[in-house]
Amino acid sequence: MSDTTLRVNDGKIADMNDNAAAGANQPLRYNPTEIEPKWQARWDADASLYKAEGHDSGKPKFYCIEMLPYPSGQLHMGHVRNYAIGDALARHMWMRGYNVLHPMGWDAFGLPAENAALKNNTPPREWTLANIAAMRKQMQRMGLSYDWATEVTTCLPEYYRWNQWFFVKMFEAGLAYRKKSKVNWCPDCCTVLANEQVINGRCWRHEDTIVEQRDLTQWFLRITKYSDELLDGLEKLEGWPEKVRTMQRNWIGRSEGALVDFAVEGEVKAPECAKITVFTTRVDTIFGATSVQLAPEHVVAKAFAAEDAGLAAKIHGLLAEQQKAREAGDVGAIEKHGVNTGRFAVNPFNGELVPIWVGNYILADYGTGAIMSVPAHDERDFEFAQKYGLEVRRVIAPKAGGDEPALPYTAEDDGVLINSGEWTGLGCVEAQQKMAAFAQSKGFGTATVTYRLKDWGVSRQRYWGTPIPMVYCTNGHAGLEPGGVVALPESALPVVLPPQVEITQQGGSPLGRVDSFVNTTCPVCGGPARRETDTMDTFVDSSWYFYRYTDASNSSAPFASEKANYWFPIDQYIGGVEHAILHLIYSRFWTKVMRDLGLIKNDEPAERLFTQGMVIKDE
């Protein structure tokens with residue numbers, strides 16, 4: 001039994017004995033309002049009580065952590081359940097003689113504080129820090145075993161300067177970049193949301209708010225560079241719930257297949273419209289392709305529409321249907337509509353002309369935004385062909401022979417090719433490999449892999465977040481065009497949020513209306529420059545906070561590598577399953593980036609994960 005336990009138990013026993021001594025006939029009674037404040041004051045006075053030993057400790061280490069809370073101002077029973085589990089485990093490991101790190105901090109940036117500031121006319125910093133003080137007091141009253149010397153508050157410059165430092169490092173490594181793209185826009189939050197923050201077509205913070213699609217120039221982090229590693233690493237996380245691993249596998253969505261070019265028949269005005277590249281996981285069915293279908297925003301569809309006003313109106317209608325389905329949360333369930341463009345493409349395997357259609361269920365940001373439609377062997381294509389009277393052609397049959405199966409016949413492992421030229425008789429899997437190799441040898445295709453996972457959009461058009469440490473040089477200089485992007489040097493960090501900002505929901509970052517913040521100088525040429533006014537997604541803050549706990553007061557680095565390497569990976573992480581494809585996948589990505597920067601040695605942040613479930617009223 002540890003000294004800590006003895007002190008606690010001795011204190012309780014002493015108080016109970018005092019009660020009994022007060023009156024021999026009085027029953028032994030535990031009075032929390034008298035006993036708890038007395039002993040909590042004594043425990044608080046002993047700074048070493050829950051303090052972890054250094055990384056040179058001779059004891060085995062145990063890093064126990066619960067997901068840090070958003071400082072809303074009050075703990076709820078979900079918090080209590082989460083923290084009680086971690087508290088019990090930390091105490092258990094102390095009693096077993098481990099060197100335990102059990103920290104706590106605050107995920108303090110984000111829209112709720114900004115929305116509260118709008119509602120209550122209170123600056124977000126003031127509102128947030130007051131809430132933190134109240135919640136810390138509640139935790140201390142509960143007697144939770146935290147080492148408060150390691151406390152982290154993500155909205156303070158001493159923390160978020162390292163968000164900015166990481167961003168610059170990622171920019172230098174080609175992992176942070178800026179591009180124009182279609183993004184998710186929450187009209188209530190007045191900001192962009194990452195794909196992972198859109199739940200069934202609605203904002204993760206506003207369950208009744210339909211997310212819109214907008215074209216904006218945004219900052220992205222290249223999480224897709226780590227797609228394979230994020231996927232393969234799940235096999236090693238045996239201490240994680242299978243549900244979480246499955247959710248991440250599905251979100252990453254790896255698909256093996258082939259890219260195949262269908263030449264556009266007839267005259268084309270733009271070189272990029274001379275061919276349509278489709279991605280297919282079933283190149284073995286290509287002899288059964290009876291049409292090529294495009295997303296409404298595909299470059300070829302746009303080119304055709306530019307030449308035909310009637311076609312343009314129909315394609316615009318398909319796009320409106322698609323956007324409505326996106327906002328409802330499930331494009332896959334859309335009633336499928338299409339428009340025949342009147343143009344044809346050439347199937348490179350047999351030279352056959354197939355009609356080019358535009359479909360409302362084809363997405364521009366999935367694969368290549370174009371598919372080959374094989375109605376006999378795909379349920380979606382079969383439904384579309386039945387609706388529009390397109391040909392249905394069998395090219396796969398069961399190996400065992402017998403009666404023709406009902407269509408669509410989607411078997412792969414037990415199927416063989418028929419009506420497929422020189423590949424007739426091959427098994428489906430073998431044919432996929434040989435046909436992809438043939439396409440590559442002839443220059444009209446290649447084997448490839450695609451992912452559902454997209455790069456992480458981190459720009460937010462709000463005030464209460466980490467300023468993105470980039471400037472746009474007004475004049476330009478050697479190697480940079482006017483308006484080009486320049487990363488700030490480490491000596492210019494942190495870029496601190498201005499304290500007095502009028503926060504409105506007019507659209508665009510409130511920082512853009514603060515001239516003293518926006519107007520600056522280029523760190524390269526010294527000429528005039530404009531600061532980036534977007535702030536970072538709040539999930540940046542929580543992607544690496546548990547590393548900062550190991551060295552919370554470090555002012556010269558995010559943390560000392562030797563300390564992080566001692567404590568990591570986390571031995572037990574506790575938190576909600578709702579973060580499976582949010583915080584939990586972002587933090588895995590951030591860990592791999594820090595490893596590649598040479599800061600840490602571990603590949604994964606946590607060895608074991610426990611998802612504690614929810615406390616539901618009246619159930």
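Trainee: Why is isoleucine 371 called buried?
Mentor: Remember that this is a predicted model. The relative accessible area of isoleucine 371 is 12%, and buried means under 20%, so isoleucine 371 counts as buried.

Trainee: Where does isoleucine 371 lie, and which residues does it touch?
Mentor: Isoleucine 371 belongs to strand 15, residues 370-373. Leaving aside residues up to four places away in sequence, isoleucine 371 touches Val278, Ser291, Val292, Gln293, Tyr361, Ile362, Arg380 and Asp381. As for valine 524, it is 153 residues from isoleucine 371 in sequence and 47 Å from it in space, C-alpha to C-alpha.

Trainee: What makes serine 255 buried?
Mentor: The relative accessibility of serine 255 is 16%. The cut-off for buried is under 20%, so serine 255 counts as buried. Serine 255 lies in strand 10, which covers residues 255-264. Its contacts, not counting residues up to four places away in sequence, are Phe279, Thr281, Tyr366, Thr448, Val449 and Thr450.

Trainee: How do you know that glutamate 158 is partly exposed?
Mentor: Glutamate 158 has a relative accessible area of 48%. Buried would need under 20% and exposed over 50%, so glutamate 158 is partly exposed. You will find glutamate 158 in helix 6, residues 157-172.

Trainee: Why is asparagine 419 called exposed?
Mentor: The relative accessibility is 51% and exposed means over 50%, so asparagine 419 counts as exposed. Asparagine 419 sits in the loop between strand 17 and helix 12 (428-442). Although asparagine 419 is not a glycine, it has a positive phi of about 50°.

Trainee: Which residue just after helix 4 takes a positive phi?
Mentor: That is asparagine 121, with a phi of about 55°. Helix 4 itself spans residues 111-120, and Leu111, Ala113, Glu114, Ala116 and Ala117 are buried there. These buried residues of helix 4 pack against helix 5 (124-142) and strand 6 (191-193).

Trainee: What makes helix 8 roughly perpendicular to helix 17?
Mentor: Start with the general idea: two packed helices are described by the angle between their axes and the distance between the axes. Here the axes of helix 8 (residues 242-252) and helix 17 (residues 583-596) come within 11 Å and cross at roughly 75°. Angles of 65 to 115 degrees count as roughly perpendicular, so helix 8 is roughly perpendicular to helix 17. The contact involves Val244, Gln248, Trp251 and Ile252 of helix 8, and Leu584, Ile585 and Arg588 of helix 17. By class, the contact has 5 nonpolar, 1 polar and 1 charged residues.

Trainee: How many residues are in the largest nonpolar core, and which have the most contacts inside it?
Mentor: The largest nonpolar core has 101 residues, and Trp456, Phe546, Tyr573 and Trp590 have the most contacts inside it. Tyrosine 573 touches, among others, Ile65, Met67, Phe546, Leu584 and Phe610, with residues up to four places away in sequence not counted. A second, separate core has 42 residues, including Leu318, Val339, Phe349 and Leu426.

Trainee: Which residues does each cis peptide bond here join?
Mentor: One joins leucine 407 and proline 408, with omega about 0°; another joins phenylalanine 568 and proline 569, with omega about 5°. Proline 408 is in the loop between strand 16 (396-398) and strand 17 (415-417). Proline 569 is in the loop between helix 16 (561-567) and strand 26 (572-575).

Trainee: And what describes the protein as a whole?
Mentor: The protein has 17 helices and 27 strands. Of its 619 residues, 52% are buried. The C-alpha atoms fill a box of roughly 100 × 70 × 45 Å along the principal axes. The accessible surface is about 27800 Å², and carbon and sulfur atoms account for 50% of it.

Methods:
Residues are numbered from 1 along each chain as its sequence is written. This is a predicted model: local features need pLDDT of at least 70, side-chain atom pairs count only at pLDDT 80 or more; totals for chains, interfaces and linings use all residues. Side-chain values use heavy atoms; hydrogens and water are left out. Axes are lines fitted to C-alpha atoms, for helices over the stretch in contact, and angles run from 0 to 180 degrees between N-to-C directions. Helices (H or I, at least four residues) and strands (E, at least two) are DSSP runs, numbered from the N terminus. Angles under 35 degrees count as roughly parallel, over 145 as roughly antiparallel, 65 to 115 as roughly perpendicular and the rest as oblique. Contact means heavy atoms within 4.5 Å. Ala, Val, Leu, Ile, Met, Phe, Trp, Tyr, Cys and Pro count as nonpolar, Asp, Glu, Lys and Arg as charged, and the others, Gly among them, as polar. Buried means under 20% relative accessible area, exposed over 50%, partly exposed in between (1.4 Å probe, protein chains only). A nonpolar core is a set of buried Ala, Val, Leu, Ile, Met, Phe, Trp, Tyr and Cys residues joined through side-chain atoms within 4.5 Å. Accessible areas come from the Shrake-Rupley method with a 1.4 Å probe; for residues, only the protein chains shown count as cover.
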